[in-house]
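Dear colleague,

Please find below the structure I am handing over to you, followed by a summary of what was found in it.

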Amino acid sequence: MTTTTERAVGQPIGRIEGPDKVRGTARYAAEYQVGDDLAYAWVAQSPVARGTLTGVTVDPLVEADDVLAVLWHGNAPRLGAADDPELAVLQSDRISYRGQALALVVARTLEAARRAAATLSLEIDEEPHDCVLRTEHPDLYTPEKVNPAFPSETTSGDVEAAFAAAPVTVDVTYRTPPLHNSPMEPHATTALWANDDLVLYDSNQHPPGVAAAVATVFELPPERVHVITEHVGGGFGSKGSARPNAVLAAMAARVTGRPVRLALPRQALFSMVGHRTPTIQRVRLAASSDGHLTAIDHLAVSHTSRLFEFAEQTAVSTRHMYAAPNRRTGHRLVRLDMPTPRWMRAPGEAPGMVALECAMDELAVALELDPIELRVRNEPTVEPESGVPFSSRHYVECLRRGAERFGWGDRDPRPKQRREGDWWIGTGMAGATYPTMAQPSTARARRLPSGDYEVSIAATDLGTGARTILTQIAADALGVPVSQVRVRIGDSTLPKASVAGGSSGSASWGWAVTGACQALRSNSSSDEAVFDSTELVQKQEKDGKHAFGAHFAEVRVDAVTGEVRVSRLFGMYAAGRILNPRTARSQFLGGMIMGMGMALHEEAVLDPAMGTWVNHDLAEYHVPAHADVESVEAEWLEEQDDQINPMGSKGIGEIGIVGSPAAILNAVWHATGVRVRDLPARLDKILPHL
Ligand code: MOS
């Protein structure tokens, strides 16, 4: 057996597929060459938010023009019952949101499909719709659970009595707008039927999940659906489960007998693949005059669709962030005539921690206490609501080390004190947390005749470096250099992997890969080993496992225009063992920059009359551009945690967006004295108060 003294895990190895991506040879879902008879599909989307579709008429001239099929509920093949109602495409006359797929044109060329879709005449009986989230909505209700399975409501102690008795209280309402995931690579599927098997080249975060969902819809045994997802250009949650494009492409391929490609145009992503729900959050904090919290109360209102209940877990991170004897968290939901919200990077935590961490800043001001010191004083010894000890929690160390590295020490706490030319300058901070999870997965390790090793698992790499990290984990578990390990992922026929979501990919897949490689290494009589982590993962205590961090921001606000620029953004994390500092750093920075977008730029603007968002492309839905990012840095503590998984890693994909928006908003207040409680902090919300 080969032995190596230098461990691969922890090394800043570059992405294995990097050269292929730079050369343009890495293939994405819409780039596979699948034969000369490839057809193209284009979706005709609903122009109304609510109603029924009574007919579809095709212009006969257009129909002759290379069009192979026009499918709608009047003629589309019947599908089996789907677990996700949004996969029951073209099955009903019911219109549940603007942008819903009402018809699909399949043609010999993309241009012909698009032209024909534009000339379809959709006969619709329109009904009045309701798309506006508001706290006094008559249909607000309390869901039984919030995602993925948390109780909607929790309460302990006597919150009202604590508020009545407290010398210092804060009662604030924060609003976050609907947000869109906006991955670089739009959702796309190339579908073909080979005998009775369905092959999908599909851009997603979970090939086995997509295969299972599509198999259900087409009433096939799951092994007859083969999903290939070699490379993915981002997803941020919107590709976590099969989206309508996968089913539509497969249906079109079945009807036409040809391979069919359906690549959603950017504008369709704003309605067809999910979004982050808007929230209205009321946070109340009560404290003793020396800054100990006596009560925390967090109520979050968000929306879901008519199709099914997506209940975002907005107030859940408040359950374990700070100590307080009296506490209450809750969620309210309303069904609107809107697309169903879905996961978007740190769903729940990202908007929830805006409200909590900005409210903590407001409390610090009310107490005349440093906001870091306020947090340190309310550090819990065990997870406050479950009573379970933390497997590891180095939040205070993140606050202290982060403050040192950022240069927080000599900060004048008073707002609107520092001016340089036309700029008001300020600093702010906020805490970060994200749950540490692992999900059951299976991996296979093989000894190849060449002496190298092949490790297989149906995971995906969204551009995060998953393939590279699994190679490092496998190399160490096998005791060989990374050059001797070939990792195969991105194919649903490989051993079953969990979703690339919940920042759990590396932990879940790495656990299975470690098990398979160790089993192979310890058995020299076999050339193959398979390891299923299900039993070990299910035995684990779920509570008390979280990553933590602290975000710091310096902003300057133009005294004349109200424009906010982020001159420095700094994150200090305690996220377990960092498997690859290079790919980890880009995950942290990416999250922080996305948090900057949440604080300052990103916002879907609703037109209540039309029942849709008026900005639905990257020209009008603003995300941070290079020029918006000045100095952004991430560092981390060496954290040992033996209770979570064999690698000791906590997951790093999402914590960067948790807390970074609040740090920026708190810095805006410090620079200007203006509290923006309605995100994003656009200049028109600041300028009138400057
Ligand atoms: Mo992430 S929103 O769990 O893909």
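This is a predicted model: local features need pLDDT of at least 70, side-chain atom pairs count only at pLDDT 80 or more; totals for chains, interfaces and linings use all residues.

Residues are numbered from 1 along each chain as its sequence is written, and side-chain values use heavy atoms, with hydrogens and water left out.

Helix 15 (residues 581-601) packs against helix 16 (residues 660-672) at an angle of about 50 degrees, their axes being 7 Å apart. Helices here are DSSP runs (H or I, at least four residues), numbered from the N terminus; axes are lines fitted to C-alpha atoms over the stretch in contact, and angles run from 0 to 180 degrees between N-to-C directions. The contact (heavy atoms within 4.5 Å) involves residues including Gly591 and Gly595 of helix 15 and Pro661 and Leu665 of helix 16.

Helix 9 (residues 349-367) also packs with helix 16, at about 35 degrees and with axes 8 Å apart. Among the residues making this contact are Glu357 and Asp361 of helix 9 and Trp669 of helix 16.

Pro389 lies in the loop between helix 10 (371-377) and helix 11 (395-406). Pro389 is exposed, at 54% relative accessible area (buried means under 20%, exposed over 50%, partly exposed in between, with a 1.4 Å probe and protein chains only).

Yours sincerely

Notes. Helices (H or I, at least four residues) and strands (E, at least two) are DSSP runs, numbered from the N terminus.
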